[in-house]
Amino acid sequence: MLTIKRYVRAQSLDEAYTLCQKRANVVLGGMLWLKTQNRTVDTAIDLCDLGLSNIEETPDAFRIGAMVTLRELEQHPGLAALTGGAMAESVRSIVGVQFRNLATVGGSLYGRFGFSDVLTLFLALDAVVELHHGGAVPLADYAARPYERDILTHVVVPKQPGRVAYLAQRNVSTDFPVLTCAVAVRQDGVRCAVGARPMKAKLYEGDAALLAGGITPESAAAFAEQVTSEVSFGSNLRAGADYRRAICKVLVRRALLACKEDA
Ligand SMILES: Cc1cc2nc3c(=O)[nH]c(=O)nc-3n(C[C@H](O)[C@H](O)[C@H](O)COP(=O)(O)OP(=O)(O)OC[C@H]3O[C@@H](n4cnc5c(N)ncnc54)[C@H](O)[C@@H]3O)c2cc1C
């Protein structure tokens, strides 16, 4: 059970940051992951008064506040257009609508969970997280960092031409995924994020030369084979490493072909 001794609605990011420096204090997102934990928290820091619940569009990017919910990501027309529907696809199997109405993008990216669909897609989108103290950090670097006591305020998704596809494999719908895969085909190459390995998602560029003649069933299969050879997999109660390796080749190939179909 999660026990909270004191609740504070922070009135500034500085206040939230100062409070979160103490080990016994905790920042609240939607609290869905936190409430699965068995711990006692001194002060729970609520960010809901800090204006972090908006998705702003600029000519170059979407800037998404940390308190934006997964459901808002799923239903946002601008993000749908930018990602060709991949944003909604990446979250649609996360438990259910009521859950996604509460779970936040800040909690999802701060958590850097191994099973995260959200982290996988945002990696392929070349997202950058904004930390109150630490400033702007590419998500790929942030994902590899140890947990720091800072407030994640926003995630910025640059508008880039190209196509994006998201696919995941689950044993049962709404369960944690067995493997996640996001592919973005850009003018300067391909970004391929693979997660739930079961280790957290990582970005792979693959050998772009394999796609020099265009995306065909053969070149997509060769690219998927090559990317998969770079990925390390592990086993857990959902699947073994060999099964994940086999699935990875299929998801990367299908995601590439989906990008071509979209084009
Ligand atoms: C039963 C269950 C099933 C799930 N299934 C999936 C799934 O299939 N796929 C998937 O991708 N995800 C899944 N998730 C994860 C979920 O989507 C969210 O990522 C998770 O609940 C965290 O989001 P939250 O808003 O609830 O954060 P919280 O639980 O409130 O916080 C999580 C962590 O982030 C910290 N935190 C929150 N916001 C900030 C911030 N702005 N700055 C700094 N630190 C912050 C908190 O202190 C805490 O350490 C699942 C979670 C649960 C509980």
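A salt bridge is a side-chain nitrogen of Lys or Arg within 4 Å of a carboxyl oxygen of Asp or Glu. By this criterion, the structure holds 15 salt bridges. The model is predicted, so local features need pLDDT of at least 70 and side-chain atom pairs count only at pLDDT 80 or more, while totals for chains, interfaces and linings use all residues. Residues are numbered from 1 along each chain as its sequence is written, and side-chain values use heavy atoms, with hydrogens and water left out.

Lysine 22 lies in the loop between helix H1 (13-20) and strand E2 (26-28), and aspartate 42 in strand E3 (residues 39-46), so the pair ties together parts that are 20 residues apart in sequence. Helices (H or I, at least four residues) and strands (E, at least two) are DSSP runs, numbered from the N terminus.

The ligand is surrounded by 34 residues. A residue counts here if one of its heavy atoms lies within 4 Å of the molecule. The closest are Val27, Gly30, Thr104, Ser108 and Asp117. Polar contacts are pairs of N or O atoms within 3.5 Å. A polar backbone atom of valine 27 is 2.6 Å from an oxygen atom of the ligand. For glycine 29, a backbone N or O atom lies 2.8 Å from a ligand oxygen. For tryptophan 33, the corresponding distance is 2.9 Å. The protein covers 91% of the 970 Å² of accessible area that the ligand has on its own; areas come from the Shrake-Rupley method with a 1.4 Å probe.

Strands E9, E10, E11 and E12 form an open sheet in that order, with antiparallel pairing. Two strands pair if DSSP finds at least two bridges between them. Strand E9 (163-169) and strand E12 (202-204) stand at the edges, each with a single partner strand, so one side of each lacks a neighbour in the sheet. The twist averages 20 degrees from one strand to the next. Angles run from 0 to 180 degrees between N-to-C directions, with axes fitted to C-alpha atoms. Three bridges join E11 (residues 189-195) to E12. Among E12 residues, leucine 203 is the bridge partner of alanine 193.

Strand E6 (residues 128-131) is joined to strand E7 (residues 135-138) by four antiparallel bridges. The two form a hairpin with three residues between them. Leucine 131 stands opposite glycine 135 in E7.

Methods:
Polar contact = N/O pair within 3.5 Å; in protein donor to acceptor, adjacent residues only side chain to side chain.
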